[in-house]
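Biologist: I would like to learn how to read cores, interfaces and domains. Can you take me through them?

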There are 2 protein chains.
Amino acid sequence: MSPIADRLLMGPGPSNPYPEVATALAAPVIGHLDPEFLGVLDDTCDRLRTAFATANALTLPLSGTGSAGMEAAFVNLVRPGDPVVVGVNGLFGERMAETAARVGAQVVRVEAPWGQPLDPGQLLEAHRSPALIALVHAETSTGVANDVASVAAGRGDALLVVDTVTSLGGMAVEVDGWGADIAYSCSQKCLGAPPGLAPITVSERARARLVERPSSWYLDLSLIAGYVEAGAGRAYHHTAPVTMVGALHGALGALMEEGVAASCERHRRCGTLLQDGLVDLGLELFAPEAHRLAQLTTVVVPRDIPGGRSEADVRMQLLTEYDIEIGGGAGQLAGQVWRIGCMGHTARPANVMALLGALGEVLGR
Amino acid sequence: MSPIADRLLMGPGPSNPYPEVATALAAPVIGHLDPEFLGVLDDTCDRLRTAFATANALTLPLSGTGSAGMEAAFVNLVRPGDPVVVGVNGLFGERMAETAARVGAQVVRVEAPWGQPLDPGQLLEAHRSPALIALVHAETSTGVANDVASVAAGRGDALLVVDTVTSLGGMAVEVDGWGADIAYSCSQKCLGAPPGLAPITVSERARARLVERPSSWYLDLSLIAGYVEAGAGRAYHHTAPVTMVGALHGALGALMEEGVAASCERHRRCGTLLQDGLVDLGLELFAPEAHRLAQLTTVVVPRDIPGGRSEADVRMQLLTEYDIEIGGGAGQLAGQVWRIGCMGHTARPANVMALLGALGEVLGR
């Protein structure tokens, strides 16, 4: 057995989990229809409602990673030929467009350069009566925030799908305030649980327009509601991943104790500390300040890495010498940026100091 | 905080996990691209090859429960209008037919009564040139085994999809011996890990016929192969559920140490012990002896439950007084049978004794 790696996780996810997760993972596995588990599940859904700032009855952890949440949104809302406006200014906007197209949407792409925010006006004017408008709140590939509120305010009859994978728990997500119809996230970033679940919430307006018998049985929200909603009789759909739900429940317990606003403030504070420190090291931040995420920072790879090493060499040295993980660029930014996450339980000042110190050493600054 | 329930899990799954799972779950979370994790993933895929008895390169844990494995099989192999022969003699055969239909298959159902095995000849003669033939190896809803080998031997050019959700690790699964094209399973039954992953294996013949750009992005096996297969460059697809993969790796470690054949023999022995004991209690077994599973036993609910209580009352009493979970009937067998699993780490003689003693007490026998 090799020694167990223990990393400081400062990539784009997973982040280091809250201590409550370890406690939850140590609990015995119980059945997915056990009243004890159903209590944990109900409580998890309640906590997710608080995190999403919503009263939506259908709010739950889907049994897949964040990308399964994305797929569930489109699979359950898109009918073949539906005009779907998708904002694309990074890898996850691209993924939305691809996922929507695969279930038959007539995708109307509204683009902005990677590193710039979407223009809400362009999204609203892209089609005269879209069935759905979809955008990413916090682009993990670029470190840029998109203005969901402005799009939400003007979208009229269109359903609104918001990707909150990198925002939930780390910056203000206001599902009911926006009037978003489906928002989904992941477990392993600002929520501070391991990867494997996709929190999702569905408005009553969206429920009235769910596709009947969508192409995916596994992600059919109407069937899943029959198990998750206590009043629906707990009809068996698939075996819930009880261990992961317990872990998420633990992480959300930490969030509830701290308070969502306080958690967002902590993410903001640590992000600022990190970004100021990176600038002090003489590094250039990729995302423009007005639209920059705090929880996920993109740094331009400097030209003068000592010893002529590559950006990947730097990441590997951080990993092997300091047990610190940061992320490389993704998609068209591969090789050009580093992505440094400061999310969930990772978002603490001491961790920022560790990263800044180690990176300074490796870069000889 | 309520006290943590610790159950003897003798329902249709989850089973009690092997001790190696708790050790794995206690390890720190690391990144999905961390070389340490990629080593665990590669090793997990190797162990799955041994469990499935296959040399298939594309063998991996999918990031969803067993039903996601089923969906992945049809999503990646079915083109709209394809004739797909599905054996239906229980809930999971029904689910196969439904899942295949949703992705556009022209489903040809070959039925047998719930509780009876499928007739291989009927499956082979149902259509003159099916694109695909699909059946469940061990029907979790009825406790009946289907004869995969005979279907496999005669299926000609048709691809063969086998559901091994309740068989893998508990009875002989011979993917290469059969020549099955896709077999999938779950983590929480005879493999003795928590629920949340779907082991799946794909033959070279099936790979050559994978649908390009299937309706599901999340379950697109061609894209997933780009991350899972070491030679493919580890292209990011979705964030692997590292904690659950670690747990499965631990459980498979227990299986490798025991040996697959020895594990199957243990499941057989414990199933016989259980079934003999149930008959000694005067209970009637539902599945005919020649086709009866050892790892999942269906028992006819007796008419003379003391105190005029229901079958659900009996299960609740087992749960609350003895911390033992058994399952009720599913689908058309709801209320008519109990389902008693003896799978994974649960499959030990002392557990059988505990269940028989407790059930005897509750039924006054």
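Modeller: We start with ground rules, then take the core, the chain contact and the domains.

Modeller: This is a predicted model: local features need pLDDT of at least 70, side-chain atom pairs count only at pLDDT 80 or more, and totals for chains, interfaces and linings use all residues. Residues are numbered from 1 along each chain as its sequence is written, and chains are lettered from A and ligands numbered from 1 in the order in which they are written.

Biologist: Which residues touch the most other members of the largest nonpolar core?

Modeller: In soluble globular proteins, nonpolar side chains tend to be buried together. A nonpolar core joins buried Ala, Val, Leu, Ile, Met, Phe, Trp, Tyr and Cys through C-beta atoms within 7 Å; buried means 20 or more other C-beta atoms within 10 Å of the residue's own, placed from the backbone. Here the largest core has 244 residues, and A:Ala100, A:Ile182, A:Ala251, B:Ala100, B:Ile182 and B:Ala251 touch the most other members.

Biologist: How many residues does each chain bring to the contact?

Modeller: Contact means C-beta atoms, placed from the backbone, within 7 Å. Chain A gives 49 residues and chain B gives 49 residues. On chain A, α3 (66-77), α4 (91-102) and α10 (242-258) each supply at least two. Helices are DSSP runs (H or I, at least four residues), as are strands (E, at least two), numbered from the N terminus.

Biologist: What domains does chain A have?

Modeller: Domain bounds come from an automatic or database assignment. It gives domain 1 (8-14 + 260-363) and domain 2 (19-258). Between them, 26 residues of domain 1 of chain A contact 28 residues of domain 2 of chain A. The largest share of the domain 1 side, 5 residues, comes from α11(A).

Definitions and conventions
Buried ≥ 20, exposed ≤ 12 C-beta atoms within 10 Å, placed from the backbone. Contact = placed C-beta atoms within 7 Å.
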